[in-house]
Amino acid sequence: MIDAATFRKVLGNYPTGVCVVTAMGEDAKPLALVVGSFTSVSLDPPLVGFLPDRKSGSWPLIRAAGHFCVNVFASDQTELCRQLATPGPDKFAGVPYSLSQRGTPRLENVIAWIDCSLHDVLEAGDHYVVLGAVQHLDVEREDDPMLFFRGRYGGFRDLI
């Protein structure tokens, strides 16, 4: 049997990028879910994926929207990341964003954004595997990406 703490410690030695998945809720309020599990899945058709926790309060609301935007964070966006990761109704207080062509919140000053429609959701242990069909995407700025490594947020320069 694999101990959960050991599993987390060992896998924590693999750095992951940090993204925020956004969508517009049924009440026309923006939703956010911070993920460290985002990846490219397929070029043809263009698909991306991420793995939200089954206990997430934000994921069911984003799923219900049927489309979402993945916002790739830069290493200088740690405070914004913490704000959006905090549960509560005021996650977006003071957060600048615009709406994508599909009406999803696209956060300002991110490295890149990928606007998707929900393609598929698979069950995988205590998480889901979410596949998004890419509809639009762009790079906003060239910068050091935010990473999560050994329990800390930072960039390449910060975590070495």
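Let me begin with a term: a residue is called buried when its relative accessible area is under 20%, exposed when that area is over 50%, and partly exposed in between. Please keep in mind throughout that what we are looking at is a predicted model.

With that cut-off in hand, consider V48, which lies in strand β5; its relative accessible area is 8%, and therefore V48 counts as buried. Which residues does V48 touch, once its neighbours within four places in sequence are set aside? The contacts are F38, T39, S40, V41, I114, C116, V130, L131, G132 and V134. As for F38, it stands 10 residues from V48 in sequence, while the C-alpha to C-alpha separation is 7.4 Å.

Turning to the strands, β5, which covers residues 46–50, pairs with β4 in the antiparallel sense over four bridges, and L43 is placed opposite P46 of β5. Both strands belong to an open sheet of seven strands, paired antiparallel and ordered β3-β2-β6-β9-β10-β5-β4. At the edges of that sheet we find β3, residues 30–35, and β4, residues 39–43, each of which pairs on one side only. From one strand to the next, the twist averages 35 degrees.

L11 belongs to helix α1, which spans residues 4–11, and because its relative accessibility is 45%, L11 is classed as partly exposed, whereas V48, at 8%, is buried.

Key:
Residues numbered from 1 in each chain as written. Predicted model: local features only at pLDDT ≥ 70, side-chain atom pairs only at ≥ 80, totals over all residues. Heavy atoms only, no water. Helix = DSSP H or I, 4+ residues; strand = E, 2+ residues; numbered from the N terminus. Buried < 20%, exposed > 50% of the residue type's maximum accessible area, 1.4 Å probe, protein only. Pairing = 2+ DSSP bridges. Axes fitted to C-alpha atoms, helices over the stretch in contact; angles between N-to-C directions. Contact = heavy atoms within 4.5 Å.
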